[in-house]
Structure formats: structure tokens, C-alpha cells
Amino acid sequence: MKKLFRLISSRLTFALFFIALELVFVFVLVNKLSECSSYVRLFMNLLNLVLIISLFNKNENPMFTLSWSILIVTFAPVGWIFYLILKKRRRNASGLVSFSEQRGEPPENDGRIPEKIFSHLLYIYNASGSMFYNNSETKYYPCGEIFYEDFISELKKAEKFIFLEYFIISKGKMWDEISELLLLKASDGVDIRIIYDDMCCLMFDKKLRNELKNNGIKAVPFNTIHPFPDVFFNCRDHRKIAVIDGKTAFTGGINIADEYINKKERFGYWKDSALMVTGSPALSMTESFLNMWKYCTGEADRVSDIVFPDGCTENGIVHPFDDTPGDSERTAEMSYMKIINSSVRYVYITTPYLIPDSDMMTALKLAASSGVDVRIITPHIPDKKYIFAVTRSNYRTLIEGGVRIYEYLPGFIHSKTIVSDDICGIVGTANFDYRSFYMLFENGVYMYNTHALTQMKNDFEKTLDSCVEITRENYGEISLFYRFFGTILKIFSPLM
């Protein structure tokens, strides 16, 4: 009951309530006027036409154009408002540019890196502005419980700073233990900063922020929720970044909430993954955090003021990257596709949502029809049933194209990974869906020839033992209503 009351009384609920009132007011007003005047009806038709023509001239993904066209025409004038509020827009990202003076020029390939791998690195470098490193170490975590042990251990070692950026921070055992540790470190003079997405962190009210501030911890929201949303309203900070002293950094699918470490059961067993990198890649991830910090607060920090370690012993390449809706690059999706298109033997993927656009769908089927063993693991117990219905609606096309689909029987798999041919892969925050590829701020780590890649492959193969494969035969066992519901919703999948 208390949880329900907090939800009802939260800023998000009030904001959504007032937005709904605004939509109802506009809908009633315009329709009343249209009943009284043929000029209003003509204006509405002309505006529909203008918006649809502008959609076709934006050279967007065809599914985006179709979905928005249906919404605009069918639900005018509310459809116009949704389009203006929710449609991805480029936004001045000057606060998110890389520290170019730290980046330097990318080294030329000296022959030790395969050309296809070097092309991956060069694409990420040019798209996100981040540098790649060969003096680091990596560790892959196949579940939240194992990750959490090392995460707490590294936090305890902090001497200079702890930077945390998370999509979800929720009250519970995990946050209680972390916050207690942060307060202790802050009292020792450690610089602690937290960035959280304002839509998904309802616990961070003004009272809590002031309490943290009074104890030496800075916490700032990304994209504050308010009753009068702008065109950036739907672009959320989906990144998960933790940096300790510039020596160690974490990323992956795990947020700060009890279900991610199975302290609380939601949707069966919650399987997630994370990556720890030590050494110079922490430079890029610290840059990434400080760029977002500057964007949220206006406070600029020079990376050169922070002393980074020289590196570690692992003989591989680590390339952290960011993806932002503030530009025309789809860095996360294109990085996934580079791996898929260059695979020879296999490509293994885990994702909680499988809603690929036409480009990704083509890449997956092309790889499978070229003899590559393409396998994808999705959840069997969903967190959002309507999105799960759309995910399942894509199974038949992929299966007929030679892609092998598996559902994780014990519960919900939230991991976002891809590994190929024992030599390259990515652990990150981006799902295989439109929101991650087009609308959200994401981050990830591309790797070549690292220890973590072997750990990722082994985890994938072990996870298959707990999965059921969806085939042409048993696909029909999914209820007809569920498949029909998913097919209808698929039309609007770019809006989800």
C-alpha cells in the first residue's frame, strides 16, 4: 500500500496526469471547433498532410514513417502532440562532445589487428569520438550476484572519486548498502557524484537530494520530468556507468535495484550481465560521465586533472563508446551490425527485447543464410507483456531466415551482449529495439581478443541449457490471440 501511495503521489504521476489533461483539452477544443467550422477541418487535414510529407522527407526508417503516419491521421489532433513530444529530435549536444584534446588521432593498423576488426574500431572511433586501448583487463559477470560482490569491493577501495550514472536507482537492500558505503567514503573526502534518469528514479526527490548533498554527495537528474514536456521528453538516459578513481569501470545491463541481484524476485530469476574494465579504458568512461555531468549541471571538469594508471597485462583491445540521440549516428546498432556482418562461424546474442528494425532484421537473416550460426536468447517470462508480444511477433520471420531463437525458461533475461567467432563482442546497455537504437542515451564496450569474450561465450552456451528453442513447429503453440496482438502492436513498435 505504501508503495502504491508513493507511486500515486510521485512527480512522475503528477506530470503524466497534467500531460493527459493537456491532451484531452486540446482534443476536445479542436474537435469542438471542427464541428463549428469547415475551416478548422480543412486546417486539420492540411496539417496532417504537412506532417506526413515532412516525415517522408526526413529519410527515416520506413517503420518510423508508417507508425507515425497512422498515429497522426487516426488520432488527430492528439497524434500531432504525441509526434511533437515523443518523436526523436536532434538537440544541441555541445555538453556531450568528447574531450578531443585527450582523444588524439587513431593509430594506423600495424598488421597485428585483423582488418575487419580494425574497421570496427575505426567506425566506433569516428561515430562516438572515443579511443580504443590495448593496455587493460576485462572481467565478465554472468549474473548480478557475482557482479555485486566485486562492485562493492571496488567501491570500498575508492580514494579519489566515485562516479555513478544509472537509469534506475530504487530503494532496497542494494541501494541501502551502496548508499551507506557512499556516505562513509564521502566523509573521507572522496568525490562522489550520481546521475540518474528522472523518469525512472522516483525515490530521488528533493528531500533525498538535499540529504545526500549535506553529506557531501552530489546527485543530479537527467532530463527532469515536468508537466510541460518538450521534444526531448522521450530521450532518456539508459546508460549504466560506474567509475572508481579512473582505475576501474563497470557497465552492462545491471541497474541499482534489488531484482538485478535477485534480492527480490520479479519475473522469475533475473539474469543479467556486466563488465569490469581496468586500466586506460576507464579514461573513456570517465570522459563519458563528465560529459553527461557537464550537460546536466554546466560544471566542466578537465580529464587531464585526473591521473590514470598506465594499464594492465591483457593482450586485447577494449573500446568503450557512447550512443546519443542528439546526432544522426546509430552507434550501438551499427556496431552490432558490423559484428554480425563480419561473422564467419557464429554470433550469439542476448537481449530482453527483440524488436529489430528492417536493417537489423536483414543483417541477422543474411548472416544465417550465409552459414553463420546465429542464435538469440530472449526471456520466457516478460517484464512487459505488450513488448513481449511484439518480440514474439518477430520470431517467425527470423526462424524462417535461419536464425535460432531461444527463450530463457527460469525467468527474465535482461543481459545485452553479442559475441562472435571467439574474437569480438560487446557488453553494453542497448537492447535490440527501436528505443535503444534511436531514442535513448546508451553506452557499451567493444572488445577484441579479451578474456571476457571467452567468459561471454561460455556463459551463453551454459545458458542454452536453461532455454527452450522456438522452432517452426512449436511456434504454433503460442496462443493465436497473443500472436495476433503482437502483430498489431508491431505496427507501433517504433513508438514503444
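## Nonpolar cores

A nonpolar core is a set of buried Ala, Val, Leu, Ile, Met, Phe, Trp, Tyr and Cys residues joined through side-chain atoms within 4.5 Å; buried means under 20% relative accessible area, exposed over 50%, and partly exposed in between (1.4 Å probe, protein chains only). This is a predicted model, in which local features need pLDDT of at least 70 and side-chain atom pairs count only at pLDDT 80 or more, while totals for chains, interfaces and linings use all residues. Residues are numbered from 1 along each chain as its sequence is written, and side-chain values use heavy atoms, with hydrogens and water left out.

The largest nonpolar core holds 94 residues, and the members that touch the most others are Phe151, Ile169, Phe204 and Tyr446. A second, separate core has 35 residues, among them Leu290, Tyr408, Phe441 and Leu453.

## Around Tyr446

Which residues are in contact with tyrosine 446, leaving aside its neighbours within four places in sequence? With contact meaning heavy atoms within 4.5 Å, the list includes Ile117, His120, Leu121 and Ile124, then Ile317, Val318, His319 and Phe321, and also Ile339, Cys424, Gly425 and Ile426.

## Cysteines

Cys424, one of those contacts of tyrosine 446, is buried because its relative accessibility is 1%. Cysteine 235 is also buried, with a relative accessible area of 1%. A disulfide is a covalent bond between the sulfur atoms of two cysteines. Taking a disulfide as a pair of cysteine sulfur atoms within 2.5 Å, a search of the whole structure finds zero.

## A nonpolar surface patch

Now to the surface. Leu42, Leu46, Leu49 and Ile53 form a nonpolar patch there, with about 370 Å² of accessible area together. Patches are made of residues with over 30% relative accessible area and no salt bridge, with like charges joined within 9 Å and nonpolar side chains (Val, Leu, Ile, Met, Phe, Trp, Tyr) within 5 Å. A salt bridge is a side-chain nitrogen of Lys or Arg within 4 Å of a carboxyl oxygen of Asp or Glu. Accessible areas come from the Shrake-Rupley method with a 1.4 Å probe, and for residues only the protein chains shown count as cover.

Isoleucine 53 sits in helix α3 (residues 38-56); helices (H or I, at least four residues) and strands (E, at least two) are DSSP runs, numbered from the N terminus. Isoleucine 53 counts as partly exposed because its relative accessibility is 43%.

## Loop residues

Most residues other than glycine have a negative phi. Asparagine 262, in the loop between β6 (248-252) and β7 (269-271), has a positive phi near 55° and is partly exposed at 23% relative accessibility. Aspartate 422, in the loop between β14 (417-420) and β15 (424-428), has a positive phi of about 65°.
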